[in-house]
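Here is a friendly walk through one protein chain, meant to be read with the model open beside you. Shall we start from the inside and work outwards?

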Amino acid sequence: MSLEINTIHNQFYIILGKYIKARINDTGDASDVLQEVFIKINENLGSLTDESKLKSWIFTITRNSIIDYYRKNSNQKKSELTECIMQKIMHETDFDNTESLDCCLIKFIERLPEDYRDIIMDSEIHGIKQKDLTEKYSLAYPSIRSRVQRGRSRLKEMLLDCCSIELDRRGNVMNVTSKKSCSGGKC
């Protein structure tokens, strides 16, 4: 096989670093896990028989290393975000830096005032059109639209207070990390 650890390192270092840091809040611990991942890749590279499966093989090593990190630290008090990340990591099938945001988003929606919470959940999570919500909530369309806009605005404020969200030039979410000030279940 023509794969070399230096080539793999150059190709995957940034991607793996972002992926791990999105799931482990402590920068030092994330760096340690990244180093462990490359040690495992180097030690087991000979066992990879199909080069076309390199990415999924590396992903599996990375995912398992993150899970091992959380298991080692399970004696510490886990936050809601940590629990959520653990569940998401176990079910991930590829690198996706926005997975932790999905779980976190629902927790934030649940904290919205009642006037916005159900409408935002129906509109944004369940995908119900705003016009269809007028019947469900017995409100005029402009009222529904206004509540959705205000709810989105409050949700955005809550997310930005607690999470660092990295966007690409088109505004797509590339990476999400919890701010240190939000540890302890706030995010």
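Predicted model: local features only at pLDDT ≥ 70, side-chain atom pairs only at ≥ 80, totals over all residues.

## The nonpolar cores

The largest nonpolar core holds 22 residues, and I8, L16, I20, I24, I41, W57 and I58 have the most contacts inside it. A nonpolar core here is a set of buried Ala, Val, Leu, Ile, Met, Phe, Trp, Tyr and Cys residues joined through side-chain atoms within 4.5 Å. At least two residues of this core come from each of α1 (5-21), α2 and α3.

Residues are numbered from 1 along each chain as its sequence is written, and side-chain values use heavy atoms, with hydrogens and water left out.

Which residues does I8 touch, leaving aside its neighbours within four places in sequence? I8 is in contact with L3, Y13, F38, I41, L45, L54 and I58, where contact means heavy atoms within 4.5 Å. Another core, of 14 residues, lies apart from the largest one and includes I119, M121, L133 and C162.

## The chain as a whole

The secondary structure of the protein chain comes to eight helices and two strands. Read from the N terminus, the elements follow the order α-α-α-α-α-α-α-α-β-β. Helices (H or I, at least four residues) and strands (E, at least two) are DSSP runs, numbered from the N terminus.

The protein chain has 187 residues, of which 39% count as buried. Buried means under 20% relative accessible area, exposed means over 50%, and partly exposed is in between (1.4 Å probe, protein chains only). Among the contacts in the protein chain with a separation of 6 or more, 58% are between residues 24 or more positions apart.

## How α1 meets α2

Two packed helices are described by the angle between their axes and the distance between the axes. The axes of α1 and α2 come within 10 Å and cross at roughly 145 degrees. For these values, axes are lines fitted to C-alpha atoms, for helices over the stretch in contact, and angles run from 0 to 180 degrees between N-to-C directions. The crossing of α1 and α2 is right-handed; a crossing is left-handed if the near helix is turned anticlockwise from the far one by less than a right angle, and right-handed if clockwise.

On the α1 side, the residues that meet α2 are I5, I8, H9, F12, Y13, L16, G17, I20 and K21. Their partners in α2 are T27, A30, V33, L34, V37, F38, I41 and N42. The residues of this contact divide into twelve nonpolar, four polar and one charged. In this sorting, Ala, Val, Leu, Ile, Met, Phe, Trp, Tyr, Cys and Pro count as nonpolar, Asp, Glu, Lys and Arg as charged, and the others, Gly among them, as polar.

Is L34 buried or exposed? At 7% relative accessibility, L34 counts as buried. Leaving aside neighbours within four places in sequence, L34 is in contact with Y13, L16, G17 and I20. The C-alpha atoms of L34 and G17 are separated by 6.3 Å, although the two are 17 residues apart along the chain.

## Salt bridges

A salt bridge is a side-chain nitrogen of Lys or Arg within 4 Å of a carboxyl oxygen of Asp or Glu. By this rule there are three salt bridges.

| Pair | N to O distance |
|---|---|
| D68 and K40 | 3.8 Å |
| K136 and D122 | 2.7 Å |
| R152 and E124 | 2.7 Å |

D68 lies in helix α3 (residues 54-72) and K40 in helix α2 (residues 27-44), so this pair ties together parts that are 28 residues apart in sequence. D68 is partly exposed, at 29%, and K40 is partly exposed too, at 26%.

K136 sits in helix α7 (residues 130-137) and D122 in helix α6 (residues 114-125), 14 residues apart. K136 is exposed, with a relative accessible area of 52%, whereas D122 is buried, at 7%.

R152 in helix α8 (residues 141-162) and E124 in helix α6 are 28 residues apart. R152 is partly exposed at 39% relative accessibility, and E124 is partly exposed at 36%.

## A loop residue

S138 is found in the loop between α7 and α8. Its phi is near 50 degrees, a positive value in a residue other than glycine. S138 is exposed, with a relative accessible area of 66%.
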